[in-house]
Amino acid sequence: MPTSQARPRRHVAAALLALIAGLAACAVPVPAARPVVPQPRLELQPAQLLLAPGGEVRLAARPQGGEAILFHVDWQVAEGQAGGRLEPVEARAEDGSYAARYVAPPTEGVFHVVARLREYPAAEAHVEIRVRR
């Protein structure tokens, strides 16, 4: 091959290598994939109850998903004082659950206990309690 044709090819190859090297230097690094962490949720047991007026039961709320086991549970009776009384146990059990004692009101009706994760209030669970003689 004559020398005059070899030089342009070398120049083209060198230019292409320089272009590729320049593009590689400008490339934005792709962050490492983040692990998928399940959204926190709350399971409340039992889901439904039948109690006599003034009756009582222990409820258990279990945080699940991600680091939810480290979260705290807040309790409330949806109907307020007319719907009964809750006595939460502040300490978390060894299995990560929280407990509360529910005492039914002296009147009959359908009432609801709600448990929520304090650190993630979108995670909540409900118990329907029917109070009748």
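**Note on a predicted single-chain model**

1. Leaving aside its neighbours within four places in sequence, Thr-107 is in contact (heavy atoms within 4.5 Å) with Ala-82 and Val-131. Thr-107 sits in the loop that joins strand E6 (98–103) to strand E7 (109–117), where strands are DSSP runs of E with at least two residues, helices are runs of H or I with at least four residues, and both are numbered from the N terminus. The C-alpha atom of Thr-107 is separated by 7.7 Å from that of Arg-132, although the two residues are 25 apart along the chain.

2. Residues are numbered from 1 along each chain as its sequence is written, and side-chain values use heavy atoms, with hydrogens and water left out.

3. The protein chain holds 1 helix and 8 strands, and, read from the N terminus, its elements follow the order α-β-β-β-β-β-β-β-β.

4. Four strands form an open sheet with mixed pairing, in the order E2-E8-E7-E4, where two strands pair if DSSP finds at least two bridges between them. At the edges of this sheet are strand E2 (48–51) and strand E4 (73–77), each of which pairs on one side only. Neighbouring strands of the sheet are turned by 25° against each other on average, direction ignored, with axes taken as lines fitted to C-alpha atoms and angles running from 0 to 180 degrees between N-to-C directions.

5. Within that sheet, E2 pairs with strand E8 (residues 120–131) in the parallel sense over 4 bridges, and Leu-51 stands opposite Val-131 in E8. Val-131 is also one of the residues in contact with Thr-107.

6. A cis peptide bond runs from Gln-45 to Pro-46, with omega near -10°, and Pro-46 lies in the loop between strand E1 (41–45) and E2.

7. Of the 133 residues in the protein chain, 29% are buried. The accessible surface of the chain comes to about 9,100 Å², of which 58% belongs to carbon and sulfur atoms, as computed by the Shrake-Rupley method with a 1.4 Å probe.

How values were computed:
This is a predicted model: local features need pLDDT of at least 70, side-chain atom pairs count only at pLDDT 80 or more; totals for chains, interfaces and linings use all residues. Buried means under 20% relative accessible area, exposed over 50%, partly exposed in between (1.4 Å probe, protein chains only).
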